[in-house]
Amino acid sequence: MADTSDASPLPAHRDLVDERLVLWYFVAACSYMFASMLGGLLMALQLVNWNPISEIELLSPGRWRMVHTNAIAYGFLANAFLGTLHWVVPRLTLRPVLDKRLSWFIFAAWQVVVTSTAVGILLGEAQGLEWGETPVWIDPLALAGLLLVAINFMAPIARMKGALYVTLWYFMAAFVWTFLTYAMGNFMPQYFVSGSSAGAVGGLFIHDLVGLFVTPLGWGLMYYFVPLLLKKPIWSHGLSLVGFWGLAFFYPLQGIHHFLYTPIPMFLQYGAIISTIAVELVVTTVIVNFFGTLWGNGRAVVTNLPIRWFYTGMVFYFLTCLQCSFQTTLTFQALIHFTDWVVGHAHMVMFGVFSMWLFGIMTHLIPRILGVAWYSRRLCEWHYWLSFGGLLVMVSDLILLGPFQGWSWAGLQMWDASIELSYPFWVTRIFAGLAMFSGLLVFGWNLKKTFELARSNVPAAVAVPA
Ligand code: HEM
């Protein structure tokens, strides 16, 4: 918490937060989500042989698949996180970011980085690294951008006196880790190491992107927004520190669980397995802490939409990590590796957890920024239910499919047999994806109408607290 013991008056919100910038980040994030979902749908259609644009090389599904994942990670998640950080860090530290002009510069530069990545990939210039497909000439720019982000946000945190709230612990760690993770994953396998060493680094990179970039930012934000919306402190400050240090200790060791049964030395594979299982225990402490905080206010999950987004994400988080501790065992891995189980798992964590949290944050912040209530609360509900329902169907469908594919391969059936059995599951995925996509469109429409409402200065139907 910020130290205000010098009794100086609290700075005004408008001096701390550049609301227009926060809003621009959210609009950019949703635009990339739109592009990513189009890519996902195209790829899903391709897998059942219904691709409507199959003859165009520039739009070939293999390239769109990379746009799908890159636009989500660097377009949606990074933009939405950056927007939210511009709200949370100044309010928590009671100090503005180092330089608001720098913030706008970073915003513009980041859009150039993400758009160039998508264009570069479509032109066939992808770098041959999973999740590091950003063309090599963009990597130094992206890394410089991450450095500037860290400097801009660390300045107000560094000027604080007194104890730091756990949110800021997570943020500080994320700024340093994201920079290091990006540097390691994009440069080491490209220029310095090769063979199974490059594989080991690649595994670390994939997992650290989730564990050391999105996870600390996501949980840091939950520690800020949940107590604020429930109007009570977090259940246990001690447990929140156990969660933070547990993550810091166990997460960086896990990456190699992506490459079990490979020529990477077995002691590294076993280490990754043990730390993956260990992190599930840490996750349990975090979940207990948040459900302890909710205790006595359970109805908020029904009545308060952002809280519902947050807690849905937490349940998915717990399930994803639980899944992880099973799928990391060698026995289970032999069955599900390369199957759609993994794709189901990936959607559960990326959409079910972090995107849900960020949509909850947008649902909470956008009316505060625009000064009017949402144009339609019912459309907000539709956004939630279409996203949640679509995701639940997609994830259950793919996770169920995985073992069937695995058994088919283990039984040495012809490859075609596994394709045939997958077909109805892949068709189901298209409809589930369409539901999620419709949820986003509903959100976009509601946002447009809320903008219009704000512009026409119609008094808010419901008062929006500052
Ligand atoms: C319109 C909804 C969506 C559809 C139809 C869809 C479909 C797909 C398809 C077909 C793949 C490739 C699977 C394969 O290669 O076998 C994929 C991969 C992936 N998608 Fe989506 N997706 C959608 C939305 C999302 C969203 C919203 C996110 C994240 C927030 C996401 C994250 C991912 C990730 C991380 C992968 C890579 C999985 C892996 O490599 O294991 N998708 N998606």
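A residue is taken as buried if 20 or more other C-beta atoms lie within 10 Å of its own, as exposed if 12 or fewer do, and as partly exposed in between, with C-beta atoms placed from the backbone. The structure is a predicted model, in which local features need pLDDT of at least 70 and side-chain atom pairs count only at pLDDT 80 or more, whereas totals for chains, interfaces and linings use all residues. Residues are numbered from 1 along each chain as its sequence is written.

By the burial criterion, N152 is buried, because 23 C-beta neighbours lie inside 10 Å. N152 belongs to helix α5 (residues 139-158); helices here are DSSP runs (H or I, at least four residues; strands are E, at least two), numbered from the N terminus. Residues up to four places away in sequence being left out, N152 touches V97, L98, D99, L102, S103 and I106, a contact being defined by C-beta atoms, placed from the backbone, that lie within 7 Å.

L305 counts as buried because it has 20 C-beta neighbours inside 10 Å. Its contacts beyond four places in sequence are T363, C380 and Y384. Between L305 and F179, 126 residues apart in sequence, the C-alpha to C-alpha distance is 33 Å.

Two packed helices are described by the angle between their axes and the distance between the axes. Axes are lines fitted to C-alpha atoms, for helices over the stretch in contact, and angles run from 0 to 180 degrees between N-to-C directions. Helix α6 (residues 166-192) and helix α7 (residues 195-230) have axes that come within 8 Å and cross at roughly 160 degrees. The two helices are therefore roughly antiparallel to each other, a label given to angles over 145 degrees, while those under 35 count as roughly parallel, 65 to 115 as roughly perpendicular and the rest as oblique. The contact of α6 with α7 comprises 21 nonpolar, six polar and one charged residues; Ala, Val, Leu, Ile, Met, Phe, Trp, Tyr, Cys and Pro count as nonpolar, Asp, Glu, Lys and Arg as charged, and the others, Gly among them, as polar.

For helix α8 (residues 237-250) and helix α9 (residues 266-294), the axes come within 9 Å and cross at roughly 160 degrees. This angle makes α8 roughly antiparallel to α9, and the crossing is left-handed. On the α8 side the contact is made by L239, S240, V242, G243, G246, L247 and F250, and on the α9 side by S275, A278, V279, V282, T285, V286, V288 and N289. By class, the residues of this contact are nine nonpolar, six polar and no charged.

N289, in helix α9, is buried, with 22 other C-beta atoms within 10 Å. Apart from neighbours within four places in sequence, N289 contacts I234, W235, S236, L239, S240 and G243. The C-alpha atoms of N289 and H237, 52 residues apart along the chain, are separated by 8.7 Å.

The axes of helix α14 (residues 377-410) and α15 are 8 Å apart, and the helices pack at an angle of about 165 degrees. That makes α14 roughly antiparallel to α15, and α14 passes α15 in a left-handed crossing. The contact of α14 with α15 holds 20 nonpolar, 13 polar and two charged residues.

Helix α15 also takes part in the shell around the ligand. This shell has 20 residues, the closest being G40, A346, M350, F351 and G433; a residue is included if its C-beta atom, placed from the backbone, lies within 6 Å of the molecule. Two or more residues each come from α2 (19-47), α3 (61-93), α13 (340-370) and α15 (415-455). The largest share, seven residues, is given by α13. By class, the shell has 13 nonpolar, six polar and one charged residues.

Backbone geometry was considered in two loops. Most residues other than glycine have a negative phi. N49, not a glycine, has a positive phi of about 70 degrees and lies in the loop between α2 and α3. N49 is exposed, with 10 other C-beta atoms within 10 Å. W131 also has a positive phi, near 65 degrees, and is placed in the loop between α4 (100-122) and α5. W131 counts as partly exposed, with 18 C-beta neighbours inside 10 Å.

How values were computed. Two residues are in contact if their C-beta atoms, placed from the backbone, lie within 7 Å. A crossing is left-handed if the near helix is turned anticlockwise from the far one by less than a right angle, and right-handed if clockwise.
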